[in-house]
Amino acid sequence: MESKIVMLRKWLGDLHEEPLDIQDDTDLIQSGTVTSLQFVQMVIEIERLHGQKLEPDVINIESMRTLTAIDTAVFQAG
């Protein structure tokens with residue numbers, strides 16, 4: 001079974017026509033990987049992968065900026 005981060009990386013890649021090299025420390029916002037609208041969609045996808053709603057204090061730019069930050073704030077914390 002693939003890890004949640006691997007599945008999220010694939011989901012993010014599918015948002016774009018061109019293949020992206022999304023590393024664990026890629027700034028998803030600054031790099032343009034995720035737009036403001038896609039940020040909301042990404043949070044919904046993270047909740048789906050996690051199997052539960054995220055606490056409001058977890059949904060912030062810093063905890064969602066990189067795959068490493070998401071893994072730490074959501075998947076490893078839960």
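Trainee: Let's begin with Gln 38: is Gln 38 buried or exposed?
Mentor: First, a word on the source: this is a predicted model, where local features need pLDDT of at least 70, side-chain atom pairs count only at pLDDT 80 or more, and totals for chains, interfaces and linings use all residues. Residues are numbered from 1 along each chain as its sequence is written, and side-chain values use heavy atoms, with hydrogens and water left out. Buried means under 20% relative accessible area, exposed over 50%, and partly exposed in between, with a 1.4 Å probe and protein chains only. Gln 38 has 14% relative accessibility, so it counts as buried.

Trainee: Which residues does Gln 38 touch, not counting residues up to four places away in sequence?
Mentor: Contact means heavy atoms within 4.5 Å. Gln 38 is in helix α2, where helices (H or I, at least four residues) are DSSP runs numbered from the N terminus. With residues up to four places away set aside, Gln 38 touches Trp 11, Leu 15 and Thr 33.

Trainee: How far apart are the end C-alpha atoms of α2?
Mentor: The expected span of a helix is 1.5 Å times one less than its number of residues. For the 15 residues of α2 (residues 36-50) that gives 21 Å, which agrees with the model, where the end C-alpha atoms are apart by 21 Å.

Trainee: What covers the buried residues of α2?
Mentor: The buried residues of α2 include Phe 39, Met 42, Val 43 and Ile 46. An α-helix has 3.6 residues a turn, so residues three or four places apart point the same way. The cover over the buried residues of α2 includes α1 (4-13), α3 (61-64) and α4 (67-75).

Trainee: Is α1 roughly parallel or roughly antiparallel to α2?
Mentor: Axes are lines fitted to C-alpha atoms, for helices over the stretch in contact, and angles run from 0 to 180 degrees between N-to-C directions. Angles under 35 degrees count as roughly parallel, over 145 as roughly antiparallel, 65 to 115 as roughly perpendicular and the rest as oblique. The axes of α1 and α2 are 11 Å apart, and the helices pack at an angle of about 150°. That makes α1, relative to α2, roughly antiparallel.

Trainee: How many charged residues has the contact of α1 with α2?
Mentor: The α1 side includes Met 7, Leu 8 and Trp 11, and the α2 side includes Gln 41, Glu 45 and Leu 49. Ala, Val, Leu, Ile, Met, Phe, Trp, Tyr, Cys and Pro count as nonpolar, Asp, Glu, Lys and Arg as charged, and the others, Gly among them, as polar. By class, the contact of α1 with α2 has seven nonpolar and three polar residues, and the number of charged residues is two.

Trainee: Which residues of α4 meet α2?
Mentor: α2 and α4 pack at an angle of about 50°, with axes 12 Å apart, and are therefore oblique to each other. From α2, Met 42, Ile 46, Leu 49 and His 50 take part, and they meet α4 at Ile 70, Val 74 and Phe 75.

Trainee: Finally, is Asp 25 buried or exposed?
Mentor: Asp 25 lies in the loop between α1 and α2. Leaving aside neighbours within four places in sequence, Asp 25 is in contact with Thr 66 and Thr 68. Its relative accessible area is 61%, so Asp 25 is exposed.

Note on methods
Helices (H or I, at least four residues) and strands (E, at least two) are DSSP runs, numbered from the N terminus.
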